[in-house]
Amino acid sequence: MANSDPSEWRLIDTDLVTVLGILPASESHLYLVLNEPGSGELKIPLGSALAGSVESGQFAQASYRGAVRGGFFVENISKGQADAAEGGGQWVSISGRGALSLLEDAIIWDDGTTASTRDYAG
């Protein structure tokens with residue numbers, strides 16, 4: 001059986017609760033790696049209603065066949081022109097690190113003082 005069902009991408013606001021809408025993705029990739037943040041990227045038409053609402057810090061959540069499969073925090077936003085062979089028209093490309101980046105930032109963060117130092121005895 002062919003695996004041709006498309007993923008549904010939802011744009012979630014920076015509060016990680018408010019769903020702003022469904023992103024009309026033409027091309028998307030979600031990279032999941034065990035014990036790593038992963039990453040994702042997708043392209044949406046510049047003329048879509050949500051293209052103007054995408055901001056850094058929002059979360060793009062992927063669902064496949066009704067089940068949430070993961071997502072990524074929007075960190076990079078770029079606009080570009082594609083020729084007819086690439087889908088034609090103006091597109092917004094968004095990409096970023098996966099959901100575990102929250103934990104990764106918390107572990108790696110260091111303000112240069114002892115306030116960010118933890119001692120684990122035993």
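1. Arginine 10 has isoleucine 22, in strand β2, as its bridge partner. The strands β1 and β2 run antiparallel and are joined by 4 bridges; two strands count as paired if DSSP finds at least two bridges between them. Strands here are DSSP runs (E, at least two residues), numbered from the N terminus.

2. The model is a predicted one, in which local features need pLDDT of at least 70 and side-chain atom pairs count only at pLDDT 80 or more, whereas totals for chains, interfaces and linings use all residues. Residues are numbered from 1 along each chain as its sequence is written, and side-chain values use heavy atoms, with hydrogens and water left out.

3. Strands β2, β1, β5 and β6 form, in the order β2-β1-β5-β6, an open sheet of 4 strands with antiparallel pairing. Because β2 (19–23) and β6 stand at the edges with a single partner strand each, one side of each has no neighbour in the sheet. From one strand to the next, the twist averages 25°; axes are lines fitted to C-alpha atoms, and angles run from 0 to 180 degrees between N-to-C directions.

4. Serine 63 belongs to strand β5 (residues 59–64). With a relative accessible area of 6%, serine 63 is buried (buried is under 20%, exposed over 50%, partly exposed in between, with a 1.4 Å probe and protein chains only). Its side chain makes a polar contact of 2.7 Å with the side chain of arginine 10. A polar contact is a pair of N or O atoms within 3.5 Å; within protein, one must be able to donate a hydrogen and the other to accept it, and residues adjacent in sequence count only if both atoms are side-chain atoms. Beyond four places in sequence, serine 63 also contacts residues including Ser7, Glu8 and Val68 (heavy atoms within 4.5 Å).

5. The largest nonpolar core contains 14 residues, and Trp9, Leu23, Leu42, Ile44, Val54 and Ile94 have the most contacts inside it. Such a core is a set of buried Ala, Val, Leu, Ile, Met, Phe, Trp, Tyr and Cys residues joined through side-chain atoms within 4.5 Å.

6. The whole structure holds 1 salt bridge (a side-chain nitrogen of Lys or Arg within 4 Å of a carboxyl oxygen of Asp or Glu). Arginine 97 pairs with glutamate 75, their closest N and O atoms being 3.0 Å apart. Arginine 97 lies in β8 and glutamate 75 in the loop between β6 (67–73) and β7 (76–82), so the pair ties together parts 22 residues apart in sequence.
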